[in-house]
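Good morning, colleagues. I would ask you to bring the model up on your screens, and I shall then go through a few of its elements in turn.

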Amino acid sequence: MFKKLILGITLVSAMVACTDDYTDWSAPQQNPQPETATFGNGSVAAVNLIDFAKLLEEDLDSVQVCTIQAPTSSDAAYASPYYLLHLGESVYEIGASGKMAVADLKYYIEANYGKAPYEREIEATVEQWISNGTTSVKTATSAPFVIKAKLLAPELYPNLYLIGAPSEWNPTCTAMPFAHSDKNVYDDPVFTITFPVTDGDCWFAFADDKTVETADWNNVFGALEGNGMNLVGETGHFDRRSALTDEGSFKVSVAGDAKYVKFTVDVLNSTYLIEKISYGEYIYFIGATDGWSQAAQKLQSPANDGVYTGFVYCADPNGWGNQFKFQTVQGSWDGEINSGHFTAFNDAAVDCGGNIGVSGGENVYYFVVDLPGKSITATEVKTMGIIGDFNGWGGDVVMTWNAEEYCYEATNAGLTANGWKFRINNDWAINLGANGDGANIGDLCANGANISVAGNTVKLYPTRKTSDKIFCTVE
């Protein structure tokens, strides 16, 4: 049996103390790789390509990674030689035959190179150590040599497509592609798609590039559990229809308990997960602005369709980076919404590698967070203005941001009851009016009705920090 050694700093230090010929094996070697590497007065020779397809076929637990001709020791007091194989910073004990565990080699390649079935060239060295029972001494370190290996992986394609009721029952339909990262499909085999549903039964299946190219229904993917018998809320398994006893189409039954379905597929492990989604009314902003300790500002989805809009004040008082996330439940990190949820960052919204950020610095931003569409847009509020009949709808009274009260302020505005609105950046693309009656200033909404309250001093509270509504006061 071949045992993997996990060598920490302490063990490495102990080995160094036993010999003067220690070299930094973690430093990458750039020298040309010989077929046979010197090893004291012995040698280490590379072997032919290690093909994991053959290893699986032969059901082998260990594999020869090199051939060792052992160097000789001049110290008769030391015996029991053993050998350490260095692959980068990983160290494995191997026998004199040059074999290591297949599982260890597979794990090393996947962790360092990925799961793609490409031929890999792995730089390696071998050390011989001998022991007198109490002390170990390294007698020789081989010159670098190359281990060539190729993993076994299933045939995977870079694109998946949803077919069926949400799109079209056609094996060549590509109208609804799954979302996927920019990584190699063998390194990231997970695909997702979210689509709207109505009450009743929704039937669907999915296809890949091979299905589209061949236009063959046998290459469409279905559930192993059976036609319409797929799991919902639990992990199930899939295969091509050619391997199923029936069509294996997926079915989701909705009775007022979902507006969307999220379908996640792992093509490397042939698993799927179907989740019914009913979006909440609000998502909550948390980040550097409030020291990552509050989630008071919030965006709203009035239709509960997963598209959230509203204003957020973004700042960085502690110098941590003007970054943030959203919470689906206020104060809880379960189901957090981070940058990994989005594939499109628009206007001032930026991906900060986990966190979300804005490119414009400290200010108020108008957000559109589209969870089903996986996009986030942040428009910097460079000016918040008031425009209406009182100034002939011809210009804006510019308001000032009050960071203490989280509101915009204007004095001596001269507003009349003949109608007016708030708008940003001297443009009508984003504007606020009354939700219904023009006198209802306690509930403002995008593209709302003209406001009919007269006054001079106006305060606009856009972030929903102190109320579930966007509102203003007029005096």
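Let me begin with helix 3, residues 102-113, whose 12 residues reach 16 Å from the first C-alpha to the last, close to the 16 Å expected at 1.5 Å a residue. Please bear in mind throughout that this is a predicted model.

Which residues of helix 3 are buried? They are Val-102, Asp-104, Leu-105, Tyr-108 and Ile-109. These residues cover an arc of only 165 degrees around the axis, and therefore they lie on the same side of helix 3. On the other side of the helix, Ala-103, Tyr-107 and Ala-111 are exposed. After helix 3 comes Gly-114, with a positive phi near 100 degrees.

With strand 23, residues 307-314, strand 28 runs antiparallel, and 8 bridges join the two. Within that pairing, Gly-310 has Phe-367 of strand 28 as its bridge partner. With strand 29, residues 375-380, strand 28 pairs over 6 bridges, again in the antiparallel sense. Here the bridge partner of Val-368 is Thr-377 in strand 29. Strand 28 and strand 29 form a hairpin with 4 residues between the strands. Lys-374 in that hairpin takes a positive phi, near 55 degrees.

Finally, the cavities. How many cavities of 30 Å³ or more does a search of the whole structure find? The search finds 2. The second largest cavity holds about 40 Å³ of space. Its lining consists of Glu-405, Tyr-406, Tyr-461, Thr-463, Arg-464, Lys-465, Thr-466, Ser-467, Lys-469 and Phe-471. By class, this lining has 4 charged, 3 polar and 3 nonpolar residues.

Thank you; I shall be glad to take your comments.

Methods
Residues numbered from 1 in each chain as written. Predicted model: local features only at pLDDT ≥ 70, side-chain atom pairs only at ≥ 80, totals over all residues. Heavy atoms only, no water. Expected span 1.5 Å × (residues − 1). Buried < 20%, exposed > 50% of the residue type's maximum accessible area, 1.4 Å probe, protein only. Arc of directions from axis to C-beta. 1 Å grid on protein atoms, 1.4 Å probe; cavity = no way out; pocket = protein on both sides within 12 Å on 5 of 7 lines; lining within 4 Å. Points joined across faces, edges and corners; volume = space filled by probe spheres on them. Nonpolar A, V, L, I, M, F, W, Y, C, P; charged D, E, K, R; others polar. Pairing = 2+ DSSP bridges.
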